[in-house]
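Here are my notes for a colleague who is meeting this structure for the first time. Please read them with the sequence and the model side by side.

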Amino acid sequence: MLSSWNDSLHFCRWSSVHCSRRHVHRVTQLNLFSYGLVGSLSPHIGNLTFLRTIILQNNSFHGKLSSEINGLFRLQVLLLSNNYFEGKVPTNLTYCSELKVLNLTDNKLDGKIPEELGSLSKLKYLGWSRNNLTGKIPASLGNLSSLTLLSAGYNNLEGSIPEELGRTILYFIQLGFNRLTGTIPSSMYNLSNMRYFLLIDNQLEGSLSQDMGAAFPHLRLLSLFGNRFTGHVPVSLSNASMLEQIFLHNNSFTGPVPPNLGRLQNLLVISMAQNQLGSSKGDDLNFIDSLANCTKLRVIQFHQNFLKGHLVSTIANFSTNISRINLGFNQIHGTIPSGIENLVNLTYLSLVRNHLTGSIPSDIGKLYQLQVLGLFENRLSGRMPSSLGNLTLLNVIDLSSNNLMGEIPTNLAACQNLVRLHLSNNNLNGPIRIIREDFTTP
């Protein structure tokens, strides 16, 4: 790969080395992306004072970051992600005053984030996710008025999100999988260019601004799961017309699901499971009518809430792109709607632990892509449809704890991918004709 790096060629003609046209024989760019290189970063790199770009991503470099980098006062791009660099983030990086892009993601760096980085006034992209960094996010980063991307997830950062970050022009922020506490600073809602807002799996609390959707009109991804947020899900999210993915599960949100989410025509995934959503009115499923307008929707997850109401027939009118529906562990009543066979790409259907009645529609056997069918702990009656034998991709069938009766369909033997079949606590009879080494029944 680096066979050209020898005395037979001038170094300006070496592979992955670029030299200046104005300043003869001065190296301006070193691009060794994904070359399978190992070893430490040579201190001699500090002699290449005309370097503007260093790209060493996706190699196996190790050791500490060379302090000689501070002599590269023309450096604009430093990409060192996906290596094994260790030790502290050098404070003398601040001597690289022209730096615009700094990516140290996926290394073994530790210690605190230097306050001094706040003096790199031209910095636009700053990434150090997937390291072992500790301490607080420096408030000095708010001085980076050109900062558009901040990625610091998967570390051990603690403390609150600095209010000063609202002075930047961030459109991407990833602070997930840390130990951050406190609330979302009000200043963050000033970042009107925000597109990707990820604060996953921290210890953040408080309520979201009810004007969030208006404050972030260009938002594409909202991911706040695994925190301690409370209050209502903002109705204004429907104003963020570019939203594609909403992940709010595993918090403590209360109240109704916003009824106008169907305005989000680009929505692909919505997950608000494991909250306390619901009301005392018993009409908590009206939002489903609206979601039927989201023609690109693929995943719906609202399990483990307090949703009450009738399972509306509109669920059968969802986009044929739908692959996953999970409404389990709620207080939903009614019947499984006819027409559900229209969801031809459905792979996962869970309506477990609700108050559903009636029979399992035989047309469910037309969901040929279905892999998981969970209906346990309802009040379903009648016979198991023999059409279930048509679903040869099924891995799991759980119909336990209902009021089903009659014989177990013999053609379940056609479900050769089945690894779990739960039929207990019904009034079923007959043999189970399935042979698999890893097959289990309770």
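1. Counting as a disulfide any pair of cysteine sulfur atoms within 2.5 Å, the total comes to one disulfide. The model is a predicted one, in which local features need pLDDT of at least 70 and side-chain atom pairs count only at pLDDT 80 or more, while totals for chains, interfaces and linings use all residues. Residues are numbered from 1 along each chain as its sequence is written, and side-chain values use heavy atoms, with hydrogens and water left out.

2. The disulfide joins Cys12 to Cys19, with an S to S distance of 2.0 Å. The torsion about the S-S bond of Cys12 and Cys19 is about -90 degrees, so this disulfide is left-handed. Cys96, by contrast, is in no disulfide, and the nearest cysteine sulfur, that of Cys19, is 19 Å away.

3. Burial is judged by relative accessible area, where buried means under 20%, exposed over 50% and partly exposed in between (1.4 Å probe, protein chains only). Cys12 counts as partly exposed because its relative accessibility is 22%. Cys96 is buried, with a relative accessible area of 0%, and Cys294 also counts as buried, at 0% relative accessibility.

4. A nonpolar core is taken here as a set of buried Ala, Val, Leu, Ile, Met, Phe, Trp, Tyr and Cys residues joined through side-chain atoms within 4.5 Å. The largest such core has 122 residues, and Trp128 and Phe197 are those with the most contacts inside it. At least two residues of this core are supplied by each of β2 (27-31), α1 (212-215) and α2 (286-291), the helices (H or I, at least four residues) and strands (E, at least two) being DSSP runs numbered from the N terminus. The largest share, three residues, comes from α2. Another core, of seven residues, lies apart from it and includes Leu198, Ile200, Phe247 and Val269.

5. With contact meaning heavy atoms within 4.5 Å, and with neighbours within four places in sequence left aside, Trp128 is in contact with several residues, among them Leu104, Ile113, Leu141, Ser151 and Asn155.

6. Three strands form an open sheet in the order β31-β33-β35, with parallel pairing; two strands pair if DSSP finds at least two bridges between them. The edge strands, β31 (381-382) and β35 (427-429), each pair on one side only. Strand β33 (residues 403-407) pairs with β35 in the parallel sense over three bridges, and Met405 stands opposite Asn427 in β35.
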